[in-house]
Amino acid sequence: YLQDKRRFADLFNGSCFQGRQVIRAEDLEEASENYVAVEEKQPGKPLQKGTEIIRDVKMRYRSGMILQVLAVENQSYIDYGMPVRCMGYDAAEYSRQLKERKQERRLLGRHKEEPEEELKTTIDEKLSGILRSDRLHPVYTICLYSGEEPWDGPRKLSDMMEFDPEESVRSLFKDYPLTLFCINEQEGFEEFHSGLKQLFCAMNCRKDKERMAELMKNEAYSHLSKETWEAIAVMTDNAAMLQKKDKYKTENGKEEEYNMCQALEELMEEREIMGERRGRREGRNEGRREGRNEGNLEKTKIVVRNLLRMGFSVDDICKAAECAPALVKEMQDLSG
């Protein structure tokens, strides 16, 4: 859902810039990829096995001549190691850029495609593999939390640290704050201008039928895109709405729209009818069970009465008739 550039830009603008249109969809380029975080091979040392890093969504953002990297990590549960995890993702991206820059420098040095004066490097630049003037592209990561429980995990790296309160060396510590956006901590979502607004509002009502019914009176839910309809159905765990979406499809010019207001109303009516039918069916079944139980009790009483007449002991009658001693006592009293 967030691979769409317009929604991706809206997420950053709404969660980081109070809805101001800082990032434009037309300046974004899809760049999601898997890459391996591994130390570069050093002379005389074996190559270490790397860990594959999979970013959920990543875009390249060009502001003028400057290229930047924007990423989103979707989180459905509270990860108590999230600052370290996101820091690792960002570090892996910087490592990838650094490796790429070193490879470019080696190729340029081999083919001498740059002017001769630009190829003159110092010993430090040769050992580093990059020039003193080389620059990396900054990485900005949002952690988007969609879970239902309140986020009680760390919001920055220092929240995970155990510091010695007496130790002055703590001043050397460099923190790493999460850019954390918890959907369940927000209301209204007026800062968003795409289907994200309807999605986030619906997610905050997923366990409250009354609030969801009230929300669906909003006209915006009568004109949803297919992707937003599917996202709401998935994130609110509504399989029926997902299966029946084509029933509520309408045409608005060349655009397809989906009427979730009508769908939810009809689904709720269906559930009420099914609930009434289930109640009647359970009532009939309960009546049958009670009738069978009463019939079985009468048969047991007849067996107990006959065994008493034959002179069997209470213990033997309880075993034979599979009944409690209280029933045998009751039948003894009735027999006088």
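I will start with helix 5, which is mostly covered: seven of its eight residues are buried. Before going further, note that this is a predicted model.

The buried residues of helix 5 are Leu196, Gln198, Leu199, Phe200, Cys201, Ala202 and Met203. What do they pack against? They pack against helix 1, strand 6, strand 7 (180-182), helix 6 and helix 7.

The largest one has 41 residues, and Phe200 and Tyr221 have the most contacts inside it. At least two residues of this core come from each of helix 1 (5-16), strand 4 (57-63), strand 5 (66-75), strand 6 (139-145), helix 5 (196-203), helix 6 (209-215), helix 7 (226-235) and helix 9 (260-309). Helix 5 gives the largest share, six residues. Apart from this core lies another, of 11 residues, including Met82, Cys86, Trp151 and Tyr176. As background, nonpolar side chains in soluble globular proteins tend to be buried together.

Now Tyr221. Setting aside residues up to four places away in sequence, Tyr221 touches several residues, among them Lys197, Gln198, Cys201 and Ala202. The list also includes Leu215, Ile232 and Tyr258.

Next, Ala71, which sits in strand 5. Is Ala71 buried or exposed? Its relative accessible area is 0%, so Ala71 counts as buried. Beyond its neighbours within four places in sequence, Ala71 is in contact with Phe8, Phe12, Arg55, Val57, Lys58, Tyr140, Thr141 and Ile142. Take Val57 from that list: Val57 and Ala71 are 14 residues apart in sequence, and their C-alpha atoms are 5.6 Å apart.

On to the cysteines. How many disulfides are there? The count comes to zero. Cys201 is in no disulfide, and the nearest cysteine sulfur, that of Cys205, is 7.1 Å away. Cys201 has 15% relative accessibility, so it counts as buried.

Strand 8 (residues 249-252) and strand 9 (residues 255-258) pair in the antiparallel sense over four bridges. Lys249 stands opposite Tyr258 in strand 9. The hairpin has two residues between the strands, and Gly253 takes a positive phi near 70°. Tyr258 is also one of the residues that Tyr221 touches.

Now the chain overall. The secondary structure comes to 11 helices and nine strands. Of the 336 residues, 33% count as buried. The chain exposes about 22,000 Å², and carbon and sulfur atoms supply 49% of that. Among contacts with a separation of 6 or more, 62% join residues 24 or more positions apart.

Last, confidence. The chain averages a pLDDT of 84, and 83% of the residues score at least 70. Where is the pLDDT under 50? One place is residues 38-42, for which the model has eight contacts beyond four places in sequence. Where pLDDT is low, the predicted coordinates should not be read in detail.

Notes:
Residues are numbered from 1 along each chain as its sequence is written. This is a predicted model: local features need pLDDT of at least 70, side-chain atom pairs count only at pLDDT 80 or more; totals for chains, interfaces and linings use all residues. Side-chain values use heavy atoms; hydrogens and water are left out. A nonpolar core is a set of buried Ala, Val, Leu, Ile, Met, Phe, Trp, Tyr and Cys residues joined through side-chain atoms within 4.5 Å. Buried means under 20% relative accessible area, exposed over 50%, partly exposed in between (1.4 Å probe, protein chains only). Contact means heavy atoms within 4.5 Å. A disulfide is a pair of cysteine sulfur atoms within 2.5 Å. Two strands pair if DSSP finds at least two bridges between them. pLDDT is the predictor's confidence in each residue, from 0 to 100. Accessible areas come from the Shrake-Rupley method with a 1.4 Å probe; for residues, only the protein chains shown count as cover.
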